[in-house]
Amino acid sequence: MQKILVANRGEIACRIIRSIHDMGFQSVAIYSEADRNAKHVRMAHESYLIGPAPSKDSYLRMDKIIDLSKKIGVTMIHPGYGFLSENAEFAVALKDAGITFIGPGVHAIKTMGSKLAAKAAVSAYDIPMVPGTEEAVENVEDAVEIANKIGFPILIKASAGGGGKGMRLVEDQSDVKDQMQMAISEAVNAFGDGSVFIEKFVTNPRHIEIQVL
């Protein structure tokens, strides 16, 4: 029988576990010390502590997740969204371990899992983009120089970010250092990747988003 580990927490984990049960498969939950009594832990057929409360020490520890999966005979892993769901390294490591990754192929993850990689991919097609950097910004001096060039206000954004995490609005040069440090810290904690870049902040934009399955 297929044994599927859900590498996530909360409501998304509950929904995936419910689907696993409907399909007649075995479900495995992982949890941090803070989630010991969470609903998804109680719902799964098997549940295992993966680490302390910070996500970088638990839900983002791909080495621990893969070691556990091999030990208990997991055949597939569903990452949910966030955490490791857009981490190409995780997908490759699962393939090497003989475990099926329930999600996009590695090439798609590498291209779309990083905003910088996505910008690079579309830049070859003469698609207009918001002014900003095409590579990660690593120091405050460069960030200030770029911000002054494109003009305030700017957004400092996590390359691996999503859901608004790792994104800081900066309206004045004096705030660049603090906001950049906060964005990097948030990105590391949420995604395990502190790479950030800068874009011009568009005031009162119109947003059209199309989901493709």
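Let's start with K157, which pairs with E199 in a salt bridge, their closest N and O atoms being 3.1 Å apart. By salt bridge I mean a side-chain nitrogen of Lys or Arg within 4 Å of a carboxyl oxygen of Asp or Glu. K157 sits in strand 6 (residues 154-158) and E199 in strand 8 (residues 196-200), so this pair ties together parts that are 42 residues apart in sequence.

Are K157 and E199 buried or exposed? Both are buried. The cut-offs are under 20% relative accessible area for buried, over 50% for exposed, and partly exposed in between, with a 1.4 Å probe and protein chains only.

A quick word on what we're looking at: this is a predicted model, where local features need pLDDT of at least 70 and side-chain atom pairs count only at pLDDT 80 or more, while totals for chains, interfaces and linings use all residues. Residues are numbered from 1 along each chain as its sequence is written, and side-chain values use heavy atoms, with hydrogens and water left out.

Back to the charges. How many salt bridges does a search of the whole structure find? Seven. One of them joins D35 to R9, with 2.8 Å between the closest N and O atoms. That one also links distant parts of the chain, 26 residues apart: D35 is in the loop between strand 2 (26-32) and helix 2 (39-43), and R9 is in the loop between strand 1 (3-6) and helix 1 (10-22). D35 is buried at 9% relative accessible area, whereas R9 is partly exposed at 36%.

Then there's a local pair, E11 and R15, whose side chains meet in a salt bridge at 3.0 Å, N to O. Both belong to helix 1, four residues apart, which is about one turn of the helix. Remember that an α-helix has 3.6 residues a turn, so residues three or four places apart point the same way. E11 is partly exposed, at 44%.

Now, on to helix 4 (residues 88-96). Which of its residues are buried? A88, F90, A91 and L94 are. Looking down the helix axis, you'd see these buried residues within an arc of 160°, so they line one face of helix 4; the arc is taken from the directions from the helix axis to the C-beta atoms. The face turned away from that buried side carries E89 and D96, which are exposed. And what covers the buried residues? The cover includes helix 3 (62-72), strand 4 (76-78), strand 5 (100-101) and helix 5 (106-112), going by contacts, meaning heavy atoms within 4.5 Å.

Most residues other than glycine have a negative phi, and most peptide bonds are trans. F83, in the loop between strand 4 and helix 4, is not a glycine, yet has a positive phi of about 45°. F83 counts as buried at 18%. D126 also has a positive phi, near 55°, but D126 is exposed, at 73%. Finally, F152 and P153 are joined by a cis peptide bond, omega about 0°, and P153 is in the loop between helix 7 (140-150) and strand 6.

Terms used:
Helix = DSSP H or I, 4+ residues; strand = E, 2+ residues; numbered from the N terminus.
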